[in-house]
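Hello,

Here is the structure I promised to hand over. Please open it alongside the notes below.

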Amino acid sequence: MKTLPPVDVVIIGGGWTGLLMAKELGTRTSLSIAVLERGKPRETADYSATMDELDYAIRLHMMQDPAQETVTFRHNLTQRALPLREHGSFLPGTGVGGAGEHWNGQFPRFLPDCFELLTKTTERYGAKRLPADHAVQDWGVTYDELESHYTRAEQLLGISGKAGNIRGKKIDGGNIFEGWRSAEYPTPPIKMPYFSAMYRDAAKTLGYHPYPYPAATLSEPYTNPDGISRTACFYCGFCDRFGCMVGAKGQPTNVLLPVIQTRKSVAIRTASWVRRIVHEEAGSGRKVRGVTYVDATGEEVFQPAELVFLATWTLNNTRLLLLSGIGEPYNPETGKGTVGRNLTHQVCFAGAITFFEKPLNRFMGSGAAGMCVSDFDGDSFDHSELPFLRGGNLLAYSFGYRPMTSFGVVPQAVKARWGSEWKKAAIDAYDRTASVVFNGEHLAYKGNYMDLDPTYKDHFGDPLLRLTIDWRDNERKMAEFVTPKAVELARAMGAKDITPFAGYGSYDATRYQTTHVQGGTIMGGSPERSVINPYLQHWQTPNLFVLGASAFPQNASANPTPTLLALAYRAVDAIVDRYLKNPAALA
Ligand SMILES: Cc1cc2nc3c(=O)[nH]c(=O)nc-3n(C[C@H](O)[C@H](O)[C@H](O)COP(=O)(O)OP(=O)(O)OC[C@H]3O[C@@H](n4cnc5c(N)ncnc54)[C@H](O)[C@@H]3O)c2cc1C
């Protein structure tokens, strides 16, 4: 194996978190930095005139290739896990920018109590209210400590929205249930397409508090604090699964890459697939020496480094720690070990599929266009008499209806599943159907976790990651509670036909839900129950930091990217201000 000249910093993964770290360290220090990204290079120009739905949305051009690397899946310990040979319930990205290139751009913060979920839930309802097999934990960081970093992330992307709580002052038209904010959003809310506007009006008549969902798809031209300018969105509807052809959707390649490219100290090496983090015992702990990766020629090389950031997204972060033998793998039977524990996946389903008389003009939209009702989020409502804890958001999105991905939804009364009757109904319904969607919290459980599969391997011959995950009664009862609320909202909108959510059975790995998968390398206040400290630093290996949603002890109802960027900002401040002066444990 060839050994390369050493660098100060290796960042594994060139997505949202990896490139944010590269930009921050590249502009604030003189460290030499190598970003190792397994996929291709990318820039905004690649997306002009490439809105090919078949290629991007069906053949999933921008995602990890499951023929090279996938995961195995089972519901519980008694089952044998099988590999997912096609993408299903989530879509891991690959290439420069990672999943941040083909994301939707929805940018909500987590509720303050999410960060202290164990403490707050126990205080309000008593420890016995948590499910017997829960693994819920506090994060070791509070919302107040993160607030300024959320603001930085919003300014980086120019988020379009309406504040509902500025320093405790509730503001009509924004999310009055959100945590306090120090500032209004950088840009005003985006335009609301017809379906979302109808939802807003209906929600108001029912006494709810609808607000425009915060969006990284700009409502107006914006220049961020780094001097990066982007244009406004024109609602073409090609956001999720696509890169933005005009750069209106904030993506790592249009907000981070242009700054990184001005720094000679940062090199992005594409087609560089990291296989191991190399480490050795050092005193009472461990020290990372660098990483091994397979380069573009197929040769395996060793890249020595003083500081390593693991930023390869939730599942890859967990797998690379397990493959590298860093930390004790979690054992659900003994409760011992930390790596792999607390796997969660955002609760997400269409609470009510609606059908209208009038066309909805759904060809126009954007990945974050939508009105949201948070009256049933978190602990915004009392759970004393309810058979579940926590909650989530009811949303009416207008993503932009695309023919291949969206065609084929028919009312319940249509029994045919193919043929002329079905075709007629599907054509009739095409621009008259849309959903009231629910995004909810997923508690952590002792039995939902990740480890290395004993049977199946990737194209290098390394064990695949095995997911063991299933829904529990808390999610099922939450779904039973919110589904009638979604139906009530749909009725108030004047829908002529409504299909309610049928309820949760077992976790379905084949149905796309969201790519909001969390856990595996969780953060916390003690090395016994977490992998990394509240600065995302590995407890036993101080020169290793792990970025991304693998740090989340459990899922919140909101989308993860604002929180994972805020955590990365907080970590880089501690690294620049303290660690680089004294390379030791930050907590
Ligand atoms: C269709 C879709 C829509 C989404 N919409 C939203 C949304 O609206 N709001 C929201 O908050 N979130 C959304 N997300 C999730 C969001 O994209 C992620 O939270 C975010 O990108 C995570 O950042 P990351 O840096 O952890 O991972 P990524 O951005 O995925 O980057 C990880 C990078 O690591 C690379 N990598 C992996 N393994 C290796 C290896 N062994 N060696 C080298 N490189 C490696 C990958 O190729 C990838 O480029 C969406 C995701 C998808 C797929």
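First, a definition: angles under 35 degrees count as roughly parallel, over 145 as roughly antiparallel, 65 to 115 as roughly perpendicular, and the rest as oblique. Axes are lines fitted to C-alpha atoms, for helices over the stretch in contact, and angles run from 0 to 180 degrees between N-to-C directions.

The model is predicted: local features need pLDDT of at least 70, side-chain atom pairs count only at pLDDT 80 or more, and totals for chains, interfaces and linings use all residues. Numbering starts from 1 along each chain as its sequence is written, and side-chain values use heavy atoms, without hydrogens or water.

**H1 and H4**

Helices (H or I, at least four residues) and strands (E, at least two) are DSSP runs, numbered from the N terminus. The axes of H1 (residues 16-28) and H4 (residues 143-157) come within 14 Å and cross at roughly 95°. The two helices are therefore roughly perpendicular. Trp16, Leu20, Lys23, Glu24 and Arg28 in H1 meet Arg152, Leu156 and Leu157 in H4; contact means heavy atoms within 4.5 Å.

**H10**

Buried means under 20% relative accessible area, exposed over 50%, partly exposed in between (1.4 Å probe, protein chains only). In H10 (residues 419-429), Trp422, Ala425, Ala426 and Ala429 are buried. They pack against strands E16 (347-355) and E19 (433-440). Ser420, Lys424 and Ile427, on the other side of H10, are exposed.

**Gly335**

Gly335 sits in the loop between helix H8 (314-324) and strand E15 (344-345). Gly335 is partly exposed, at 43% relative accessible area.

Best wishes
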